[in-house]
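Please keep the sequence and the 3D view open while reading.

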Amino acid sequence: MIFASDNWSGAHPAINAALTAHGGGMAAAYGASDLDKRVEARFDELFEREVAVFFVGTGTAANSLAFAAVNRPGGVVLCHREAHVIEDECGAPEFFTHGARMAPIDGADGKIDPANLTREIARFKPDFVHAGQPMAVSISQPGEAGTLYTADEIETIAKIAHGRNLALHMDGARFANGLAATGLTPAEMTWKRGVDILSFGATKNGCWCAEAVVFFDPAKASQFPYIRKRGAQLFSKTRFVAAQFMAYLEDGLWLELGGHANRMADRLRAGLDASNQARQAWATHTNETFAILKADRAEALRARGAVFYDWNPPHGFHDIVGENEHLVRLVTSWSTTLDEVDRFCELLA
């Protein structure tokens, strides 16, 4: 009963088969192979327009180098207070931008509140050099609280960002889970609503090591090849990343895997709702579930083989956890089985 993280999951058989199929012989290096070019064209089809796509090895690299691409002297990235780029990337965005700051924005349910964003941007006066200057707004879809922005909410934030000539970046580490939950197309959840740059994640959803930075205006990506190289993310044998993406995107496999993870989480949430030993901390709709368990119940579950992380309550949510209770995060993946979920729910009951 492994619910620690979708990062614990292995690679899907189709991904492994693609790596084997493209593992022999010779192919042009540094993104110049025929396979690389076919996958780049596949991204154009996926997003219904010409895009510029660059493979990298980790989500942290994707986010950090995306910010480096829009960096300004004294640059500031505005993002949610609990965003991954603030909480979980060890200062990498600041490092790769040579000192840009992450400015935290409050908002309920792990999402930026547009009014708070407007207020915070207004604090940076164009003629006040000491404060630095905003350079981007970043949203996570899904976010660290397991919640989702609606298409209208994305568009609202994009309008605020573009009103100050700021790029809108989307951290899509679990992009497939978000799409499967909303029913939107990749285009509808990104550039059609104003997203400029996407960190496209696949590693959590069945790939071995496959992430990408996607620019929806290729003209804005002219310097990114140099940024990626300087950031040590230009792999010589990029065909091995391309091979993963080729299999991942074939016949909708990526959405099938993301949808499966979401359905396993739905089943887990139903078990929590039926239990008198636990409760959902707040509503989620993707593959992350946050639950409040009594301390002894959490230990009993672990003793029976369940693996999950204790979680820090989000800002403003500390009162939801009572005495002798734990807030925990439960994450399902493409490889989570019905048996795992049902055994966990039986122990809760």
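The largest cavity has a volume of about 40 Å³, a cavity being a set of points on a 1 Å grid over the protein atoms alone where a 1.4 Å probe fits but cannot get out, and the volume being the space filled by probe spheres set on the points, which are joined across faces, edges and corners. The model is predicted, so local features need pLDDT of at least 70 and side-chain atom pairs count only at pLDDT 80 or more, whereas totals for chains, interfaces and linings use all residues. Residues are numbered from 1 along each chain as its sequence is written, and side-chain values use heavy atoms, with hydrogens and water left out.

A search of the whole structure finds 1 cavity of 30 Å³ or more.

Elsewhere, 4 strands form an open antiparallel sheet in the order β8-β9-β11-β10, where strands are DSSP runs of E with at least two residues, helices are runs of H or I with at least four, both numbered from the N terminus, and pairing requires at least two bridges found by DSSP. Its edge strands, each pairing on one side only, are tabulated here.

| Edge strand | Residues |
|---|---|
| β8 | 278-280 |
| β10 | 309-310 |

Strands β9 and β11 run antiparallel and are joined by 7 bridges, with Ala-291 opposite Val-328 in β11.

Terms used: On a 1 Å grid over the protein atoms alone, a cavity is a set of points where a 1.4 Å probe fits but cannot get out, and a pocket is an open set with protein on both sides within 12 Å along at least five of seven lines; lining residues have an atom within 4 Å of a point.
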